[in-house]
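This report looks at the aromatic rings of one protein model.

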Amino acid sequence: NRRTEVGGRETADGGQRYEGGKWIVVDYSRPLLRGRTDIFGTGAEYGRFVSDGSPVWRAGANATTTLTTQVPLLIGGKTIAPGVYNVFVELKPGAWTLVLNTQTRQEKYDPNDKVNLFGAYNYDSKFDVLRAPMTVRTTDQSVEQFTIGFVNVTDSAATLTMAWEKTVASIELRLASGTK
């Protein structure tokens, strides 16, 4: 998993410690390229391979990716409450949309369960609580293993990044007003 702490402050002892902050954690599985190229595809086929027929990508492999926040966050102009959210990405060429969802997840994959999530299987948009555009760019360096991380972290914000092959997508997560 990847985690970052926001909303705290450096201690008076010269900033060697950080206290009073709250965690934002992303739990996910990390697929590999394993020699594959053009993992997201092109044109009308963009995103279909990694999404495996679902309207959204599970932003990882295997089980559903989750984001847990201990603080209210402002993402794409919308505030989400502290809690655990399923993380998906709607993939279009150059235009990714972050989707946060509260649908119940399966602990272990059961192909007979046609209601609860595993990965993006059984995804139902009626449980979506947020859809926000991500910034997407290409890079010259290829990322072998899908990676989610936090960059540009401050006491009140962090940028969530997703990188795989030569694509990097990002979105700012900001503490909701009045939160510290």
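## Aromatic pairs

Rings of Phe, Tyr and Trp (its six-membered ring) pair if their centres lie within 6.5 Å; planes under 30 degrees apart count as stacked, over 60 as edge-to-face and the rest as tilted. By this rule, the whole structure holds 12 aromatic pairs. One of them joins Phe40 and Trp57, which are edge-to-face, with 5.6 Å from centre to centre and 80° between the planes.

Phe40 is in the loop between strand 4 (22-27) and helix 1 (48-51), and Trp57 is in the loop between helix 1 and strand 5 (66-69), so their pair ties together parts 17 residues apart in sequence. Helices (H or I, at least four residues) and strands (E, at least two) are DSSP runs, numbered from the N terminus.

## A stacked pair

The ring of Trp57 also pairs with that of Trp164: the centres are 6.1 Å apart and the planes at 5°, so this pair is stacked. Trp164 belongs to strand 12 (residues 157-175), so the pair ties together parts that are 107 residues apart in sequence.

Buried means under 20% relative accessible area, exposed over 50%, partly exposed in between (1.4 Å probe, protein chains only). Trp57 is buried at 1%, Phe40 is buried at 3%, and Trp164 is buried at 3%.

## The cluster

Tyr28, Phe40, Tyr46, Trp57, Trp96, Phe146 and Trp164 make up one aromatic cluster.

## Basis of the values

This is a predicted model, where local features need pLDDT of at least 70 and side-chain atom pairs count only at pLDDT 80 or more, while totals for chains, interfaces and linings use all residues. Residues are numbered from 1 along each chain as its sequence is written, and side-chain values use heavy atoms, leaving out hydrogens and water.
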